[in-house]
Amino acid sequence: MMWTLLLAVLVTTSLVQCHIGEDSHQDHKGEPLVFTSFGDWGTGTSAQSRVAQAMANYADDNQVDFHVTTGDNFYDGVNSATDPWFDTRWRDIYFQHDSLQYQRWYISVGNHDYYPYGEDKEWNQVARHEIDDQWYFPHLWYCLHFENTAAGNVDIWMLDTQAMRKDMNNWRDMMDWLEQELSESSADWKVFAGHHPGYTIGNHALGSSTIRNYLVPLMDQYNVDMFLHSHDHNIQHLRRIGDDMATDHILIGGGGRSLYEEKSGAREDLESQYNMGVEYWKMTYGFSVITFDEVGMRVDVIDDNNELVYSYTRQH
């Protein structure tokens, strides 16, 4: 594909990208900001293809500016920036659809993108960024700033939670950078995106203590609106009980890997131990559509049968 011909299309979404000190400013001109988000997808299975078809069906008739992945992009990792899986488990599955051909993908990694440990496979996905305009992954962590959307300014921090959990890739530098970013942000809406949940009622219940110990306090301190993640292969929306302004934990892990059931007793344990409530749960494949517009922030979940199975709106 001729990347130079795609460039004019790719830059139409107004964003500011920063990582390791890089920063610039662009204007979204008061238009809504709309993107998909999902994780646990790089399998090459029929389920992944069904989700891709559902995404294309949605994009046929609706605005989609870009896609955000929350990790486990490949099971298990890629061996180089030109690994065939970039075609067989990504381009061949999504880009065959006309309505998905031109959006950029903003990438974060999960545990399977690291496997096996010690081979630095996660960095091969970073290297892809240098040769593929639609695979945006300049570093294992980075930020996106969207200015003057219909909902105001939106900041999204793309995080490497696997580095945090396994004490790899100088993750404490990421935390220093993140807190500095948050302290300087004047965005109307703040979003984290990464792989591992702090709270879940699925197979990985009750969630990662690393996320609870390091990211959740920052969510509370800096009024982060939403945490997009996956790792559990299902759909969940969790939030602190009795606090409508607490961070919305949106887990979209139905990208294509085999699904996980709800773990018995996990709802009760989450409530008793962490005061977290389950707003929605479903064991299904699918993706989310995140919209920032005049109303606020909306999360729509669409399954692999093209059904809108959940919708939630957050207002300030």
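Predicted model: local features only at pLDDT ≥ 70, side-chain atom pairs only at ≥ 80, totals over all residues.

Q: Fine. How many salt bridges are there?

A: The count comes to 13 salt bridges.

Q: What does Asp304 pair with?

A: Asp304 forms a salt bridge with Arg50. Their closest N and O atoms are 2.9 Å apart. The partners sit in distant parts of the chain, 254 residues apart. Asp304 is in the loop between strands S14 (297-303) and S15 (308-314). Arg50 belongs to helix H2, residues 46-61.

Q: And is Asp304 buried or exposed?

A: Asp304 counts as buried, because its relative accessibility is 13% and the cut-off for buried is under 20%. Arg50 is partly exposed, at 35%.

Q: Next one. What about Arg314 and Asp248?

A: Their side chains meet in a salt bridge, 2.7 Å from N to O. Arg314 lies in strand S15 and Asp248 in strand S11 (residues 248-252), so the bridge ties together parts 66 residues apart in sequence. Both Arg314 and Asp248 are buried.

Q: Which residues are linked with them in a network?

A: Asp225, Arg239, Asp244 and Glu279. Together with Asp248 and Arg314, they are linked in a network of salt bridges.

Q: What about Glu262 and Arg267?

A: Those two side chains also meet in a salt bridge, at 2.6 Å from N to O. Glu262 is partly exposed, with 29% relative accessibility. Arg267 is partly exposed too, at 32%.

Q: Switching to helix H8. What span should its 13 residues give?

A: Helix H8 runs over residues 209-221 and should span 18 Å at 1.5 Å a residue. Its end C-alpha atoms are 18 Å apart, which agrees.

Q: Where does H8 kink?

A: At Leu215, by about 40°. The kink comes shortly before the proline Pro217.

Q: Which residues of H8 are buried?

A: Thr210, Ile211, Arg212, Leu215, Val216, Leu218 and Met219. So Leu215, where the kink lies, is one of the buried residues by the under 20% cut-off.

Q: What caps the N-terminal end of H8?

A: Ser208 does. One of its side-chain oxygens lies 3.2 Å from the backbone nitrogen of Thr210. Thr210 is itself among the buried residues of H8.

Q: And what comes just after H8?

A: Asn223, which takes a positive phi of about 55°.

Notes. Residues numbered from 1 in each chain as written. Heavy atoms only, no water. Salt bridge = Lys/Arg side-chain N within 4 Å of Asp/Glu carboxyl O. Helix = DSSP H or I, 4+ residues; strand = E, 2+ residues; numbered from the N terminus. Buried < 20%, exposed > 50% of the residue type's maximum accessible area, 1.4 Å probe, protein only. Expected span 1.5 Å × (residues − 1). Bend = angle between axes of the 7 residues up to and from the residue. Polar contact = N/O pair within 3.5 Å; in protein donor to acceptor, adjacent residues only side chain to side chain.
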